[in-house]
Amino acid sequence: MSPAASEDKWINVDPRTRKLSIRFRVRGFDGQFYISTGLSDTKRNREIVRTRRDAIANDITLGRFDSTLDSYQFHATAIAPAALAPKKSKTKYQYNLQELWERFTEFQSTQLEETTIRGKYRAIERIISQSPTQELIQAPKIRDWLLATFSHFVAWESLSFFSRCCAWAVSSQLIPDNPFANLKIQKPKRKSTQGEDFRAFTLEQRDLIIETFEQHHLYCHYAPLIKFLFWTGCRPGEAFALSWADISSDCRRITFDKSCNYFRIMKGTKNGKRRVFPCQSGSKLQHLLLNLKQTARKPSDLVFLSKGGKPITTSILFDAWNQRRSGEYRYTGVVRQLASEGKCPYLKMYATRHTFATWAISCGVSPDKVALWIGDNVATVLKYYCHPETVSADCPDF
């Protein structure tokens with residue numbers, strides 16, 4: 001199956017109506033869900049349907065799936081494609097916000113990563129589709145609706161995107177002025193960077209998490225991946241994209257030059273740089289890779305796969321780390337369970353990276369070398385990973 005076909009596996013053409021439809025299953029629910037779009041099978045309409053499909057996938061991952069499907073139905077007022085020519089109207093603005101956003105997204109898609117378009121830009125598109133009005137003359141009403149409906153940050157961010165879109169439309173001579181230019185929402189204060197997000201596990205906590213994963217009846221399959229994240233400090237997406245072609249025959253050199261996101265789209269690393277991670281001979285990391293390599297069939301095989309043999313995504317690993325929802329039930333993940341028992345703090349999955357960098361520095365590895373290993377810059381390493389509580393630590397086996 002081609003990548004395009006795999007990407008559209010939810011989207012079908014109804015054999016009776018010849019219109020596009022969405023069919024999918026959700027874990028915890030019996031039967032298949034079906035949504036009729038009423039749209040003909042064209043390239044433009046498929047893009048519209050993909051937007052709705054991505055919104056449903058996001059809701060499933062975040063545990064807020066609407067099983068009634070009411071919020072996912074296609075209504076002409078919410079998904080009408082942008083007009084190809086300006087409307088003949090006596091109003092000041094020839095386009096509404098949704099029409100401008102579609103044009104702006106198309107323009108940006110030639111310059112930005114596909115993941116940015118399908119993630120952030122489609123999320124903003126969904127917010128626009130929910131707005132009680134999309135007429136630019138009603139910009140103050142849209143701002144007030146954002147503040148009343150969403151968090152302060154989401155409202156501020158959305159209004160900023162609206163203003164940026166309209167500024168582009170002005171420069172493109174689509175509208176005479178930017179109606180959002182003078183509408184301000186106070187920028188939310190940044191959270192302190194000294195909080196939980198930048199803490200590291202102790203070595204004892206790290207090893208306890210690994211041991212618990214190894215013994216867990218549901219999530220033991222992911223123990224090798226957890227070890228790899230702790231022992232290399234790589235970003236989760238970089239581990240998801242790693243193939244055996246990226247690892248030397250003796251498993252002592254690991255090349256990181258790509259990443260895999262939520263949509264299973266391969267892209268470059270976060271900073272666009274290729275790096276080689278050195279693995280010490282006889283180390284736990286080398287033994288781990290040598291053992292995993294015994295089941296590899298060809299160089300293009302991914303090193304880490306899900307229990308079903310599929311590529312791993314953040315949402316899959318989140319289930320094992322934090323919790324998984326299935327209907328009304330929640331299944332607690334490994335780290336969340338350990339935290340509830342008071343055996344370690346609950347830190348996000350990214351703490352595997354913080355833990356590696358923090359303890360590497362505490363063992364005497366220079367910040368510039370740590371920065372090279374984890375694909376970051378020295379300033380970031382010095383700012384976030386030099387924790388004073390680790391200065392008397394024992395040297396781990398990297």
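Here is our chat about the model above.

Trainee: What kind of model is this?
Mentor: This is a predicted model, where local features need pLDDT of at least 70 and side-chain atom pairs count only at pLDDT 80 or more, while totals for chains, interfaces and linings use all residues. Residues are numbered from 1 along each chain as its sequence is written, and side-chain values use heavy atoms, with hydrogens and water left out.

Trainee: How many helices and strands are there in the protein?
Mentor: The protein has 16 helices and nine strands. Helices (H or I, at least four residues) and strands (E, at least two) are DSSP runs, numbered from the N terminus.

Trainee: And what share of the residues is buried?
Mentor: Of the 398 residues, 46% are buried. Buried means under 20% relative accessible area, exposed means over 50%, and partly exposed is in between (1.4 Å probe, protein chains only).

Trainee: What about contacts between residues 24 or more positions apart?
Mentor: They account for 60% of the contacts in the protein with a separation of 6 or more. Contact means heavy atoms within 4.5 Å.

Trainee: Switching to rings: how many aromatic pairs does the count come to?
Mentor: Rings of Phe, Tyr and Trp (its six-membered ring) pair if their centres lie within 6.5 Å; planes under 30 degrees apart count as stacked, over 60 as edge-to-face and the rest as tilted. By this rule the count comes to 25 aromatic pairs. One of them is Phe29 with Phe65, which is edge-to-face at 5.7 Å centre to centre, with 75° between the planes.

Trainee: Where do Phe29 and Phe65 sit in the chain?
Mentor: Phe29 is in the loop between β2 (19-24) and β3 (33-40), and Phe65 is in the loop between α2 (43-61) and α3 (76-79). They are 36 residues apart, and the pair links distant parts of the chain.

Trainee: Is each one buried or exposed?
Mentor: Phe29 is partly exposed, with a relative accessible area of 32%. Phe65 counts as buried, at 15% relative accessibility.

Trainee: What else does Phe29 touch?
Mentor: Leaving out residues up to four places away in sequence, Phe29 touches Phe65 and Ser67. Phe29 and Ser67 are 38 residues apart in sequence, and 8.7 Å apart in space, C-alpha to C-alpha.

Trainee: Which residues do ring pairs link into a cluster?
Mentor: Trp10, Phe24, Phe29, Phe33, Phe65 and Tyr72.

Trainee: Trp231, okay. Which residues of α9 are buried?
Mentor: Trp231 is one of them, along with Ala223, Leu225, Ile226, Lys227, Phe228, Leu229, Phe230 and Thr232. Nine of the 10 residues of helix α9 (residues 223-232) are buried, so α9 is largely enclosed by the rest of the structure. Just after α9, Gly233 takes a positive phi of about 75°.

Trainee: Which residue other than glycine has a positive phi?
Mentor: Leu69 is one, with phi near 70°. Leu69 is in the loop between α2 and α3, and is buried with a relative accessible area of 8%. Cys251 also has a positive phi, of about 60°. Its place is in the loop between α10 (236-240) and β4 (253-256), and Cys251 is buried at 0% relative accessible area.

Trainee: Why mention those?
Mentor: Most residues other than glycine have a negative phi.

Trainee: Last topic: how do α14 and α15 pack?
Mentor: Helix α14 (residues 351-362) and helix α15 (residues 367-374) pack at an angle of about 155°, with their axes 9 Å apart. Axes are lines fitted to C-alpha atoms, for helices over the stretch in contact, and angles run from 0 to 180 degrees between N-to-C directions. The two helices are therefore roughly antiparallel (under 35 degrees counts as roughly parallel, over 145 as roughly antiparallel, 65 to 115 as roughly perpendicular and the rest as oblique).

Trainee: And which residues meet there?
Mentor: Arg353, Phe356, Ala357, Ala360 and Ile361 in α14 meet Val370, Trp373 and Ile374 in α15.
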